[in-house]
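Here are some notes for a colleague who has not seen this structure before. They are set out as numbered points, to be read beside the structure.

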Amino acid sequence: MRRKSRGEIVSFSTREEHVLQVHRLLDSLYGDNIGFLEAHTLGAYQLLIAVILSAQTTDRQVNVITPALFEKYPTPADLAKAKQVEVEHIIRSTGFYHAKARNIIGAGKVLAESFNNTVPQTMKELISLPGVGRKTAGVILGSIFGKPAIIVDTHFKRVVKRIGLTRQTDPVKVENDIAAILAAEYHYRFSMTVNTHGREYCNARRPACDRCPIAELCLKVGV
Ligand code: SF4
């Protein structure tokens, strides 16, 4: 595959080379200005709960209510003993608050009872917690524990398909497909930069291909 880029030729002969070029360019574009929620200010327990609450709402909305939540329930054991209505009152503005309250109290109970009040460090253990799927688990593994994690959310899935890095649509297959061609040490940062790129340029309805900084590396599949 070859692409012209402002007078120079950008080429990639394998999928491994293609994904690596995309990773390097996105990494240079977004630098450290990436990440979910305010992960750098949160511990593992707090980030876990914040990511569960972030479903179907904005990071900003979650950041507004988490200080009050963690002041009242500073540890998993505190949350495990919480009254559902009191948790619902605090998290109401994040939407789906009945189910979210049930899930975070349930997660607090499992953390307190099965993991000694700490957050486990494996995908298998993390997805055993109420309200925790592979995406949430990947955020915890990558941002808190520095472990390889490809986080397939709606932005990641859309962008890697358009770029031409995978033909898969099922999230787990997308994850495995990208993991097979990109070195593990890059997985988490690649997830973050692709997500950011999806928000900044490659949005669902109107991708900004005419001003996209990685256009020369993109096959624009389905665009
Ligand atoms: S060129 Fe268009 S389709 Fe490709 S990544 Fe950029 S915005 Fe998305």
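1. A residue counts as exposed when its relative accessible area is over 50%, as buried when it is under 20%, and as partly exposed in between. Gln 56 has 68% relative accessibility, so it counts as exposed. Please keep in mind throughout that this is a predicted model.

2. Gln 56 belongs to the loop that joins α2 (44-53) to α3. Its backbone deserves a look: phi is positive, about 60°, although Gln 56 is not a glycine.

3. Lys 220 is a further non-glycine residue with a positive phi, here near 55°. Its place in the chain is the segment after α11 (187-200). Is Lys 220 buried, partly exposed or exposed? Its relative accessibility is 31%, and therefore Lys 220 counts as partly exposed.

4. Helix α3 covers residues 59-72, and Lys 72 lies in it. Lys 72 counts as partly exposed because its relative accessibility is 44%. Once neighbours within four places in sequence are set aside, Lys 72 is in contact with Glu 86 and Ile 90. With Glu 86 there is a polar contact between the two side chains, at 3.3 Å. As for Lys 135, that residue is 63 residues from Lys 72 along the chain, and their C-alpha atoms are separated by 27 Å.

5. Arg 158 is part of helix α9, which runs over residues 154-163. Why does Arg 158 count as buried? Its relative accessibility is 14%, which is under the 20% cut-off, so Arg 158 falls in the buried class.

6. Which residues does Arg 158 touch, apart from its neighbours within four places in sequence? They are Gly 198, Cys 202, Asn 203 and Ala 204. For Cys 202 the detail is given by a distance: the side chain of Arg 158 reaches the backbone oxygen of Cys 202 at 2.9 Å. Ala 204 is 46 residues from Arg 158 in sequence, with 7.4 Å between the two C-alpha atoms.

7. Where does the ligand sit? Its place is the largest cavity.

Key:
Residues numbered from 1 in each chain as written. Predicted model: local features only at pLDDT ≥ 70, side-chain atom pairs only at ≥ 80, totals over all residues. Heavy atoms only, no water. Helix = DSSP H or I, 4+ residues; strand = E, 2+ residues; numbered from the N terminus. Buried < 20%, exposed > 50% of the residue type's maximum accessible area, 1.4 Å probe, protein only. Contact = heavy atoms within 4.5 Å. Polar contact = N/O pair within 3.5 Å; in protein donor to acceptor, adjacent residues only side chain to side chain. 1 Å grid on protein atoms, 1.4 Å probe; cavity = no way out; pocket = protein on both sides within 12 Å on 5 of 7 lines; lining within 4 Å. Sits in = over half its atoms within 2 Å of the grid points.
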